[in-house]
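Thanks for asking me to look this over. Here are my comments, as numbered points you can follow with the structure open beside you.

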Amino acid sequence: MAKVFAIANQKGGVGKTTTCINLAASLVATKRRVLLIDLDPQGNATMGSGVDKQTLEHSIYDVLIGESTVGEAMQFSEHGGYQLLPANRDLTAAEVVLLEMKMKESRLRYALAPIRENYDYILIDCPPALSMLTVNALVAADGVIIPMQCEYYALEGLSDLVNSIQRIAELLNPSLKIEGLLRTMYDPRISLTNDVTAQLKEHFGDKLYDVVIPRNVRLAEAPSFGMPALVYDKQSRGAIAYLALAGELVRRQRSSAKTATA
Ligand code: ADP
Ligand code: MG
């Protein structure tokens, strides 16, 4: 049964989409079956997976409103090696259309139920807002991966996100938890980075991933070729960091499964 992770942070430009694409490809490299869901109307994860968002016949929008099945909307990312539920601007309408629907917060969860067993990991790329789309991602997910830059204001926005996660866990999805915090565009030469890291450790303890993602131009270039960094330049520091993250994620999964059965 797939583990479902929402990659969320209501701030834009923190590395959510970059993390989705490169973590998905890295998990595929370790022989996991992966589905990536683009839940952002900007469609960046779709384009970065090598799928043209302008020419979609079916998208995640159609799936959410019940007009097509997951199977009909699914595409394969050739370079990434994972399956993709793509998105484009149509998805902006979902915010309004969903409000009129029954079980509006659970549409994604129900859509995924029949296909969860086909995957090891399902990653959801969230939009940069605590919107109805993000609520759908949090209701569908087992855990939230929070990418963040180590800057002063990063911590301020974080409490809103953590509160939202808690509220959704109380009301709609009791099994939801924070899976991990990921430091992105990491530069250890900046002293604020170390201050923020110390604060994150204090608040979140071992939820903070040991692996950090460095600032690396290959990670920024790869999406315009529809590739993960792993294919675009597999020696790059960015590609190597995301492989290490996939390793840490899988190891944590194994050790928490062991604790659960012990
Ligand atoms: P989000 O999805 O949170 O808005 P993105 O993943 O789109 O963030 O990243 C924002 C911008 O920063 C993009 O142009 C992306 O290519 C670039 N970027 C993301 N992570 C890195 C990194 N580790 N090093 C360099 N550039 C990065
Ligand atoms: Mg994004």
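1. The buried residues of helix 8 are covered by several elements, including helix 7 (132-140), strand 6 (143-149), strand 7 (177-184) and helix 9 (191-204). Please keep in mind throughout that this is a predicted model.

2. Which residues of helix 8 are buried? They are Ala-154, Leu-158, Leu-161, Ile-165 and Ile-168. These residues lie on the same side of helix 8, because they cover an arc of only 90 degrees around the axis. On the other side, Glu-156, Ser-159, Asp-160, Asn-163, Arg-167, Glu-170 and Leu-171 are exposed.

3. With 18 residues (154-171), helix 8 spans 26 Å from first C-alpha to last, close to the 26 Å expected at 1.5 Å a residue.

4. Now to the ligand. There are 17 residues around ligand 1, and Gly-15, Lys-16, Thr-17, Thr-18 and Ala-220 come nearest. Helix 1 gives the most, with 3 residues. By class, the shell holds 9 polar, 6 nonpolar and 2 charged residues.

5. Two residues deserve a look for their backbone angles. Most residues other than glycine have a negative phi. Lys-31, however, has a positive phi, near 70 degrees, and Met-185 has one of about 45 degrees although it is not a glycine.

6. Where do Lys-31 and Met-185 sit? Lys-31 is in the loop between helix 1 and strand 2 (34-38), while Met-185 is in the loop between strand 7 and helix 9. Their surroundings are worth checking too. Lys-31 counts as exposed because it has 7 C-beta neighbours inside 10 Å, whereas Met-185 counts as buried because it has 21 C-beta neighbours inside 10 Å.

7. Met-101 is partly exposed, because 14 other C-beta atoms lie within 10 Å. Met-101 and Ile-65 are 36 residues apart in sequence, yet their C-alpha atoms are 8.2 Å apart in space.

8. Finally, the annotation: an unreviewed UniProt entry places the feature "domain: AAA" at residues 3-178. In the model, the end C-alpha atoms of residues 3-178 lie 13 Å apart. This span is 38% helix and 16% strand.

Conventions: Residues numbered from 1 in each chain as written. Chains lettered and ligands numbered in written order. Predicted model: local features only at pLDDT ≥ 70, side-chain atom pairs only at ≥ 80, totals over all residues. Near = placed C-beta within 6 Å. Helix = DSSP H or I, 4+ residues; strand = E, 2+ residues; numbered from the N terminus. Nonpolar A, V, L, I, M, F, W, Y, C, P; charged D, E, K, R; others polar. Expected span 1.5 Å × (residues − 1). Buried ≥ 20, exposed ≤ 12 C-beta atoms within 10 Å, placed from the backbone. Arc of directions from axis to C-beta. Contact = placed C-beta atoms within 7 Å. UniProt positions renumbered as here; feature names shortened; annotations may be inferred.
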